[in-house]
Amino acid sequence: MKENITIFIVDDDEDDRILFIESAKEVDEKIKFVTASDGQEAVRILKDERTPLPDYIFLDLRMPRISGRQCLEEIMKDERLRHIPVFIYTTSRDVTDSIELKKQGAVHFISKPENPNDIYYILSIVLDEKWGQN
Amino acid sequence: MATATSEDMLSEVEDLKFHLSEALEAIDAIKTGSVDAFAIRKDGKPEVFTLQSLDYSYRVLIERFGEGALNVTQEGLIIYCNSYFSTLIDTPNEKVIGSYIFDLISSETREKFNEHFMLAIQGGSKTEITLSVNNKIIPVYISLCSLQPQLPTVGMIVTDLSEKKNNERRIIDYQHRLQVHNKIFNLAEEIAGIGSYQWNLQTGELIYSDNLFRMLGYLPQEFVPSIGKHLSFIHPKDKEQLNQTIVEAFENKSPLQLTYRIVSKDREVKYFRITEKIIDEPGQKMIIGTTQDVTSDIIHMEALKKKNSELEYLNKSLDQFASIASHDLQEPLRKIRTFTMLLKQRFDGALNVDASGLIDKIKGSSERMSLLIHDVLNFSRIVHTESGFMKTDLNQILDNTLADFDLLILEKGASIRKGNLPAIESIPLQINQLFHNLVGNALKFSKNGIPPALTISSRILPPEEIGNTSNLNRQLLYSEIAFEDNGIGFEQQFAEQIFSIFERLNCQQQYSGTGMGLALCRKIVLQHQGGIRAEAKENGGATFYVLLPLTQSADI
């Protein structure tokens, strides 16, 4: 696994952000996190060239102001940002949503799990960690 | 030059006298008819003049021309009749001659004939009478003239009017029929609530039917229609549109159909739908049109439109609700489950048994709530599926469904018997859901300790049974698929209730589920123009009858 990973979490739900970070820290406590509580803030932070680019972006869909979908569009339009893998991380289980967003450039569509343990497994796959290790 | 002697002159006088007396004699003879021919010497040769040759052509003319000709004495005795006349009255010539003219005249016109005959003796007369011969009435026109002083008789020319009279009668007959047709037409227009008009483009004359007057609030033929008057009925806001449409139709020579508003005599606004046709034939150039009062149709249509948009709004609200339900309601629910799980994981050792049990109850309830929301969503989505009908082999769908339950069937030791099912036009996914729910119920609601037995069979529904079930489309063929189980059954009084949303007859502890399965089943069959009903059996067990049409429309 890569050293000094930074994950950018865009989610208006604070609980979800905390749960996600807690689980991620279990996978690797050295992971750094940047958070934004809506799409507008996310776009602003990402476009600021002073902030170092994250390695992964986890993007919620339903957020006030700029939605995850619009945010994804902005990221894909930006030459500097478009190579960063974007994971849609949402409550939605809608298959058509999933297909559309992948077309728009998202690398994966993840439904938020009910069991917090599942976040750990998902992340370990995402971060190229082998299943059952650790 | 020789000088004539007195004897010579005397002898010439004698000679001339003789010639004169001869000539006078000849004239007398001709007058009295006692001479048929005479000879005149010319250049020493005699030349014969036959009187017949002068008169013959007239006789032939009279004999052959296409009118009857008679010569009648002043007493009415027929002394000559031509062949035309004898043919006309269908009596041989020799029988006509010698009979009295009065006997040939019909009693109705005899007096009239007598008057004209008297006039004719003094000069001439013409009139129309009818002949009556051998019970046959022949209308004729007669022309009479006295042949005096040469002959003491009356000449009579008879023109057959039968054909003319027949034509006249036919015309009257036609007119009569036309009047009847007009009456029927007027009545029909009144009953059907339509009016009609004809506009003669050559004369400019405009004719309204009686009912058109009524539709405009007038009495039949109360005024003389004109184009100006006609246009004055049209609602001011519709005039321009109407003009444009008429011009287009005129240019394209196409039949015109349009709806516009008129303002009647009582200032009432009505919707008229007119259909116009231009007749452009030699000698006839006109526009004919019918007018239908469609005011109530339009009012209904607008009400329907309003209802439709209301419905659309409601559907949108439902969509919104569905979206809220799927995300916003699921969101906190997911959190409850997540945090109870965390609570249990992190404080497992620190909690006593009671607390642990309570946490389990929170977990169970929130899981159930999640399931409910999921099912409600499913239920509302069924309504929105409009298309997707395709030929579906129900056997295959049933096999797939049974495969889904493989484990449960094995676990419960269930026996399944299935008959042959038809192929129907359906939305396969929905039928899959339907079968899934019915088979699932049969397995779920089994009696304790008795392995479930499910029999699935089908038959084509006889037409008389289609009539017995409401909501079915009588133009379609239906298949009835029966799911018969040996489970706990239900009380027959609840047979209808079980299909209502959230209706459960059994306690949740024993039989899990949201109580939406059968409601969903009913929704699916309704979507397919079908029906579903349940029958409880005496010794427990239930049979669910699903009625599905083989095709969705009759013309396939």
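Predicted model: local features only at pLDDT ≥ 70, side-chain atom pairs only at ≥ 80, totals over all residues.
Biologist: Leaving aside neighbours within four places in sequence, which residues is B:Asn186 in contact with?

Modeller: B:Asn186 lies in helix H6 (residues 162-192) of chain B; helices (H or I, at least four residues) and strands (E, at least two) are DSSP runs numbered from the N terminus. B:Asn211 is 25 residues along the chain from B:Asn186, yet their C-alpha atoms are separated by 6.8 Å. Contact means that C-beta atoms, placed from the backbone, lie within 7 Å. With those neighbours left aside, the contacts of B:Asn186 are B:Ser209, B:Asp210 and B:Asn211.

Biologist: Which strands stand at the edges of the open sheet of five strands in chain B?

Modeller: The order is E14-E16-E17-E19-E18, with mixed pairing, and two strands pair if DSSP finds at least two bridges between them. An edge strand here has a single partner, so one side is left without a neighbour in the sheet, and that describes E14 (415-418) and E18 (531-536) of chain B.

Biologist: What angle does helix H16 of chain B make with E18(B)?

Modeller: Axes are lines fitted to C-alpha atoms, for helices over the stretch in contact, and angles run from 0 to 180 degrees between N-to-C directions. E18(B) is joined by six bridges to the antiparallel strand E19 (residues 542-549) of chain B. Helix H16 (residues 517-527) packs on the sheet, touching E18 and E19 of chain B, and its angle with E18(B) is about 140 degrees.

Biologist: Which residues touch the most other members of the largest nonpolar core?

Modeller: A nonpolar core is a set of buried Ala, Val, Leu, Ile, Met, Phe, Trp, Tyr and Cys residues joined through C-beta atoms within 7 Å. Of the 36 residues in the largest one, those touching the most other members are B:Leu434, B:Leu438, B:Cys521, B:Val525 and B:Val546.

Biologist: How many residues of chain A are in contact with chain B?

Modeller: Chain B brings nine residues to these contacts. On the chain A side, the number is also nine.

Key:
Residues numbered from 1 in each chain as written. Chains lettered and ligands numbered in written order. Contact = placed C-beta atoms within 7 Å. Buried ≥ 20, exposed ≤ 12 C-beta atoms within 10 Å, placed from the backbone.
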